[in-house]
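Welcome, and thanks for taking a look at this one. Below is a short tour of its side-chain contacts and a few of its helices.

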Amino acid sequence: MKKGIGKSHSKIILIGEHSVVYGYPAIAIPLKKIEIECLVEEARTSFFYNKTDTLSVAVFTALKHLKKENAKIKYKVTSQIPPKRGMGSSAAVSIAAIRAIFDYFEENLEDRLLEKLVHTAEIVAHNTPSGLDAKTCLSDKAIKFIKNKGFSYIDLNLDAYLVIADTGIYGNTGEAIQNVKSLGSKADISLKKLGELTDEMAKILTENTESKEEKVDKIGKIMMKANAELENLSITIEKTDLFVKTAIENGASGAKISGGGLGGCVIALAKNLEIVEKIKNGLIKCGAENIWVEKI
């Protein structure tokens, strides 16, 4: 039986969430081991388009481009990426689905076209996507992004580990954005500070004047400062605060919430695998629903 397969991977924001909306930079990293796969197969009936479902929108976007909107297909997704955790599940599912459709019809899909189609699908699903999620889910490298200015790639070579812990609580980006807005001018100082911390981190990551150990120590401290600013913006919750505290107590060089906030994930930086294990054990005791480790 004819079939098409498409894959993608997850992503996480290292620093710059929320301030990125106000024109400051953000850094995101691909999580290459956390994957999603879409399988497209022949079906007896035509594809049914549901414009409220991200996956359906992505499939339709690809079919429309290929002028095959009435194709008799069905699709299935197998995902390791939890939804609403700031891990790019929406962008990743769009990428995997579009790749699967092109594979099914044996059509060539260049990266630029894929990015364009994913962006089209994301606009239907999210109104105004920044493009950062899609870019990072398509990339093997970390990305620095500034709204309306563009992207640049960063080679991470820290010889350290990022521990990503899922609180099990859906992040609520919409409410978090409103929290920041409702602070009015009070938020300005924290947003500016987050922008400065992101620039500082990017500089450390791209310059080779220090040892890897020194870099990890400095980046850890920046993560802690960024978390304090995110707390000032009223987007942390008791469980994320507990996760950050626990990670530090277990030897993390730094830790912070990641993504929209009010739930979602906490990330912690560890110098070696021994520290990774201590952090993992501590976070499991605190109620982490899922833990991933990415070498950076």
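A salt bridge here is a side-chain nitrogen of Lys or Arg within 4 Å of a carboxyl oxygen of Asp or Glu. With that cut-off, a search of the whole structure turns up 15 salt bridges. Please keep in mind that this is a predicted model.

**Salt bridges**

- K295 pairs with D159, and their closest N and O atoms are 3.0 Å apart. This pair joins distant parts of the chain, as K295 belongs to strand β9 (residues 290-295) while D159 sits in the loop between β5 (150-154) and β6 (161-166), 136 residues apart.
- K295 is partly exposed at 48% relative accessible area, and D159 is also partly exposed, at 43%.
- E249 forms a salt bridge with K245, again with 3.0 Å between the closest N and O atoms. Both residues lie in helix α8 (residues 238-249), 4 residues apart, or about one turn of the helix. E249 counts as exposed, with 56% relative accessibility.
- K280 and E277 meet through their side chains in a salt bridge of 3.7 Å, N to O. They are separated by about one helical turn because they are 3 residues apart in helix α9 (residues 273-285).
- An α-helix has 3.6 residues a turn, so residues three or four places apart point the same way.
- K280 is partly exposed at 23% relative accessibility, and E277 is partly exposed with a relative accessible area of 40%.
- R85, D166 and E289 are joined in a network of salt bridges.

**Aromatic pairs and charges over rings**

- The whole structure holds 4 aromatic pairs. In one of them, the ring centres of F47 and Y75 are 6.0 Å apart and the planes meet at 50 degrees, so the pair is tilted.
- F47 is buried at 9% relative accessible area, whereas Y75 is partly exposed at 26%.
- F145 and F151 form a tilted aromatic pair, with 4.8 Å centre to centre and 35 degrees between the planes. F145 is buried, with a relative accessible area of 4%, while F151 counts as partly exposed at 32%.
- F151 also has K135 lying over its face, at 4.9 Å from the ring centre.
- K2 lies over the face of Y104, at 4.5 Å from the ring centre.

**Helix α6 and its packing**

- Helix α6 (residues 186-206) has 21 residues and reaches 32 Å from its first C-alpha to its last, close to the 30 Å expected at 1.5 Å a residue.
- Its buried residues include A187, L191, L194, T198, M201 and L205.
- The buried residues of α6 pack against β1 (3-15), β2 (26-42), β4 (142-146), β5, α5 (173-182) and α7 (212-232).

**A buried threonine**

- T136 lies in helix α4 (residues 132-137) and is buried, with a relative accessible area of 0%.
- Not counting residues up to four places away in sequence, T136 touches H9, K11, A28, I29, P30 and I143.

**Annotated region**

- UniProt lists residues 216-285 as "domain: GHMP kinase C-terminal", in an unreviewed entry.
- Over residues 216-285 the chain is 60% helix and 16% strand, with the end C-alpha atoms 26 Å apart.

Key. Residues numbered from 1 in each chain as written. Predicted model: local features only at pLDDT ≥ 70, side-chain atom pairs only at ≥ 80, totals over all residues. Heavy atoms only, no water. Helix = DSSP H or I, 4+ residues; strand = E, 2+ residues; numbered from the N terminus. Buried < 20%, exposed > 50% of the residue type's maximum accessible area, 1.4 Å probe, protein only. Contact = heavy atoms within 4.5 Å. UniProt positions renumbered as here; feature names shortened; annotations may be inferred. Expected span 1.5 Å × (residues − 1). Phe/Tyr/Trp six-rings, centres within 6.5 Å; stacked < 30°, edge-to-face > 60°. Lys NZ or Arg CZ within 6 Å of the ring centre and 35° of its normal.
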